Amino acid sequence: MLANCHQNAVVFLYFLQAREAELSGRSTHCEAVCTKGQLLVDSGHFASKEIKTKIKQLHINWIKLWELSETRKERLKEAAQSLQVLKG
């Protein structure tokens with residue numbers, strides 16, 4: 001049973017690595033959206049206030065997403081190591 005739990009933790013770590021690679025690939029798009037939004041604000045767009053709010057929220061959410069991903073990865077690593085020790 002412990003071997004199966006350890007194997008599941010390792011598989012999930014690989015899944016998280018794939019998810020992080022996807023996030024990395026999307027970071028360029030996120031920055032492009034923020035840059036475009038800032039250009040609209042700088043040009044005096046009628047919705048500048050809302051655009052600024054959305055840009056700020058996007059940055060906050062993006063950082064939270066990375067932090068959550070990192071926390072999950074660390075917890076899974078710890079769990080996999082603990083299961084490895086218990087397994088012997």
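This is a predicted model: local features need pLDDT of at least 70, side-chain atom pairs count only at pLDDT 80 or more; totals for chains, interfaces and linings use all residues.

Colleague: Where is Ser-69 found, and which residues does it touch?

Modeller: Ser-69 is found in helix 2. Leaving aside residues up to four places away in sequence, Ser-69 touches Glu-20 and Leu-23.

Colleague: How many helices and strands are there in the chain?

Modeller: The chain has two helices and zero strands. Helix 1 covers residues 2–42, and helix 2 covers residues 48–87.

Colleague: How should I read salt bridges, and how many does the structure hold?

Modeller: The general idea is that side chains of opposite charge can pair when their charged atoms come close. In this structure there are four salt bridges. One of them joins Lys-73 to Glu-20, with the closest N and O atoms 3.5 Å apart. Lys-73 belongs to helix 2 and Glu-20 to helix 1, so this pair ties together parts that are 53 residues apart in sequence.

Colleague: Are the two partners, Lys-73 and Glu-20, buried or exposed?

Modeller: Lys-73 is buried, with a relative accessible area of 15%. Glu-20 is buried as well, at 12%. The cut-off is needed to read these values: a residue counts as buried because its relative accessible area is under 20%. Glu-20 is also one of the residues that Ser-69 touches.

Colleague: Which other residue meets Lys-73 in a salt bridge?

Modeller: The side chain of Glu-70 meets that of Lys-73 in a salt bridge, at 3.5 Å from N to O. Lys-73 and Glu-70 are three residues apart in helix 2, so about one helical turn separates them. Glu-70 is partly exposed, with a relative accessible area of 34%.

Colleague: What links Arg-19, Glu-22 and Arg-26?

Modeller: Arg-19, Glu-22 and Arg-26 are linked in a network of salt bridges. Within it, Arg-19 pairs with Glu-22, and their closest N and O atoms are 2.7 Å apart. Both Arg-19 and Glu-22 lie in helix 1, three residues apart, which is about one turn of the helix. Arg-19 is partly exposed, at a relative accessible area of 36%, and Glu-22 is partly exposed too, at 32%.

Colleague: How many disulfides does a search of the whole structure find?

Modeller: The search finds zero disulfides. Cys-30 is in no disulfide, and the nearest cysteine sulfur to its own is that of Cys-34, 4.6 Å away. Here too a cut-off is required: the sulfur atoms of a disulfide are within 2.5 Å of each other.

Colleague: Are Cys-30 and Cys-34 buried or exposed?

Modeller: Cys-30 is buried, with a relative accessible area of 7%. Cys-34 also counts as buried, at 5% relative accessibility.

Terms used: Residues are numbered from 1 along each chain as its sequence is written. Side-chain values use heavy atoms; hydrogens and water are left out. Helices (H or I, at least four residues) and strands (E, at least two) are DSSP runs, numbered from the N terminus. Buried means under 20% relative accessible area, exposed over 50%, partly exposed in between (1.4 Å probe, protein chains only). Contact means heavy atoms within 4.5 Å.
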